[in-house]
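Trainee: I would like to go through this model term by term and ask what stands behind each description. Could we start with the packing of helices?

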Amino acid sequence: MTMKTYAEMTAELDQLAAHNERLTNGLRAARAQIVDLKSDLERVGDPPNSYATFLRRAEGTTLDVLHNGRRLRVATAASLDLDALEPGTELRLNEALAAVEAVPAGDAGNVVPVVESLADSRILVAVAPDDTRVLRPAGTLTQETLHPGDHVLVDLKAQLVMERIDRAEITDLVLEQVPDVSFDQIGGLGGQIEAIRDAVELPFLQQDLYRTYGLRPPQGVLLYGPPGCGKTMIAKAVAHELVLRSAEVRGVSVAEALENSAFLNVKGPELLNKYVGETERSIRLVFERAREKAAADHPVVIFFDEMEALFRTRGTGLSSDVETTIVPQLLAEIDGVEGLDNVIVIGASNREDMIDPAILRPGRLDVKIRVRRPNARAGREILGLYLDESVPFREDRGTLLDLAVREIYSDGPDSAFVRLEYSDGTEGTLHFRDFVSGATLRNITDRAKKHAVKDQLATGDVGLTTQHLRDAITAEFVENEDMPSAAHPEDWARISGTGRRVDAVVPLQGRSRAVSGPDLEESTP
C-alpha cells in the first residue's frame, strides 16, 4: 500500500475543512430560516391591534380614549410620551387595550360649517339643517379662533373638531380688504360725494354730537342710476375714507385701522344659489362677519352690487320667487335685535324700480342718492382725471379737453343717436351725450392714449393730439351704434326720462333699423 505524501494529506485535509465550512454555513442558514419562520408564526398568531382616539389624560398614566364608539380608560406603555398627546391623536392599542404608540391621525371625515365659537372654547357646528352640535377643538385648533361660516373637518364620534378646511364659499363673495380708492379719483360727482359723506362719515365720526341732538344714523344708503357712472367707486371710496378719518379720530395708525376695518363687497348674482336656503344662509354669514369686524368700533361697509338681482320686489314671479325668502332675510339682518353698530349697508342698482319697496323704507336703506350721467362740466372733470398732467401732450392740454367735450356733448345731426316715437304721436331724439357715462369717457381717453402710443412708435413724435382724441371719440360712437336694436322700448322710456310710453325706436347711427313695441317683432325697413 502506497503511503500518501505529506503534501497529498495536506490537500485532502484542506478539502475536508472547506466541505465542513460549507456544511456549517448551511446549518446556520437553516437555523436562521427556522428562527424567522418561528417569528412569523408567532406574529401571525398574535391577536390584532386596534386603534382609538385620544380624548384626555386621566389619573396617573391612564388615558380616556374613544374606541369603537365606546369611551374607555386605558393604561399606557412606558415608551409613550404622554405630554406630547393632544385631543384627536390616534393611538395604537395592544391586545390588552393598552396604548402603546401614537400614529398619524386620519385626514378624512365630515366637513361642516361653524355656527358659533362659544366662550369656553367649544364650537357650535351645523351637521345638518336640523342638527346642531357642540364639539371641542383638537390639535392646533385649540390655539385658533374659528368664525361663523368657516368649514371644519370633524370626528363626530369623538365629538372633536380636527381641522379647518379652506373653502371659497363666502370668501369668493366678499372682498374684505378696504379698497385703495379715494374721492379725489372720482370726477363729476361732487354733489353725490357730499351727500354720501354726510350720510356715512358724519354719523360715524361724530357719534357724540349725533346722540346730543337725538339724531339716528342711517342704516343704509342706496346709490342708483345708469351703469358705468361711478356707483361702485363711490362705495369703495366711502370705505377707504372712513378708515382714514377713523384713524385720525382714534389716534391710531392707518395701517392698524386698515387691518381692523373691512369692505364686504357682495356680488349679487353670484350669491344666488340653486339650493333652497343657501342664499339666505350666505346673507346671514356676511352680516355675522360684519358684526364681528365691527365689534372693536372699527367701520365696516357691506356693499351689495347689482342689488336688484338679489332683492327684487316680492311676488314678481322672477327667479322662481326666491326673493320671497331672500328679502325677509336681509330685512331681518338690518332690523335685527343684534344691531348694526359701526356697520353701514350700501346698495347699488341700475334698476331701483325692481328692488322690493320694503328695503327702501325709512330705517333701512333710507338715504337714496341718484348718480346721474355726467353733463358737459362733469365730463370735462372726468376727462381731466384720465388725461392729467402726467400724460405727454403735443398740443395744449386745456384746448384738447375743450375739444373733446364739444365733440362728445354735441347736439348736432352727426351725434343724433336714436329717435323715440311715443304713444301720443310725438317724437324725441336722443344724442350720444345722453348715454355718456364715466366708463365711456375712460374708454375714449384709453383709445386716444393707444393712438398716441402707436403714432409715436411709427413716427417718433411724442404726445397726444387733437386727431388722437377725435379718432377715439369716433371709434366709441361706432362701437355703440347697434345698441338701440338690442334694447326694449320700455328701457328707452326710462332712459328718455319723459315718463311716456315708447312705441318704437329708430336708430340714427349706422344701419337704420326700427325696434317695434312690445307686441311687435323687430323690423328692418
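Mentor: Helix H2 (residues 190-205) and helix H4 pack at an angle of about 40 degrees, with 10 Å between their axes. An axis here is a line fitted to the C-alpha atoms of the stretch in contact, and angles run from 0 to 180 degrees between N-to-C directions. Before we go on, note that this is a predicted model, in which local features need pLDDT of at least 70 and side-chain atom pairs count only at pLDDT 80 or more, while totals for chains, interfaces and linings use all residues. Residues are numbered from 1 along each chain as its sequence is written, and side-chain values use heavy atoms, with hydrogens and water left out.

Trainee: Which residues in H2 and H4 meet?

Mentor: On the H2 side they are Gln192, Ile196, Arg197, Val200, Glu201, Phe204 and Leu205, and on the H4 side Ile234, Val238, Glu241, Leu242, Arg245, Ser246, Val249 and Arg250; contact means heavy atoms within 4.5 Å. The crossing of these two helices, H2 and H4, is right-handed, a term used if the near helix is turned clockwise from the far one by less than a right angle, with anticlockwise giving left-handed.

Trainee: What does Arg245 touch, not counting residues up to four places away in sequence?

Mentor: Arg245, whose place is in helix H4, touches Arg197, Glu201 and Leu205 under that condition. The side chain of Arg245 also makes a polar contact of 2.7 Å with that of Glu241, and the value falls within the limit of 3.5 Å for a pair of N or O atoms, one able to donate a hydrogen and the other to accept it, with sequence neighbours counted only if both atoms are side-chain atoms.

Trainee: How do you know what span to expect for H4?

Mentor: The expected span is 1.5 Å times one less than the number of residues. Helix H4, residues 231-250, has 20 residues and reaches 29 Å from its first C-alpha to its last, which is close to the expected 28 Å. The residue that follows H4 is Gly251, with a positive phi near 70 degrees. As for the label itself, helices (H or I, at least four residues) and strands (E, at least two) are DSSP runs numbered from the N terminus.

Trainee: Why are H9 and H10 called oblique to each other?

Mentor: Helix H9 (residues 376-386) and helix H10 (residues 397-408) have axes that come within 10 Å and cross at roughly 135 degrees. Angles under 35 degrees count as roughly parallel, over 145 as roughly antiparallel, 65 to 115 as roughly perpendicular and the rest as oblique, and H9 and H10 are therefore oblique. Their contact includes Arg380 and Leu383 of H9, and Leu401 and Val405 of H10.

Trainee: What makes H9 and H11 oblique as well?

Mentor: The axes of H9 and helix H11 (residues 438-459) come within 9 Å and cross at roughly 45 degrees, and the pair is therefore oblique. H9 passes H11 in a right-handed crossing, and Gly379, Ile382, Leu383 and Tyr386 in H9 meet Gly438, Leu441, Arg442, Thr445 and Lys449 in H11.

Trainee: Turning to the strands, how do you know that E1 and E4 pair?

Mentor: Two strands pair if DSSP finds at least two bridges between them. Strand E1 (residues 50-57) and strand E4 (residues 90-93) run antiparallel and are joined by four bridges, with Thr53 opposite Glu90 in E4. Four bridges also join E1 to strand E2 (residues 63-67), again antiparallel, and there Arg57 stands opposite Leu63. The hairpin of E1 and E2 has five residues between the strands, and Gly60 takes a positive phi near 60 degrees.

Trainee: Why are E3 and E5 said to stand at the edges of their sheet?

Mentor: The open sheet has five strands in the order E3-E2-E1-E4-E5, with antiparallel pairing. E3 (70-74) and E5 (99-103) each have a single partner strand, so one side of each is left without a neighbour in the sheet. Neighbouring strands of this sheet are turned by 40 degrees against each other on average, direction ignored. E2 and E3 pair over five bridges, with Leu66 opposite Arg71 in E3.

Trainee: In what order do the strands of the closed barrel run?

Mentor: The barrel's five strands run E6-E7-E8-E10-E9, with mixed pairing, and the twist averages 55 degrees from one strand to the next. Strand E6 (residues 110-117) and strand E9 (residues 151-155) pair in the antiparallel sense over four bridges, with Val111 opposite Leu153.
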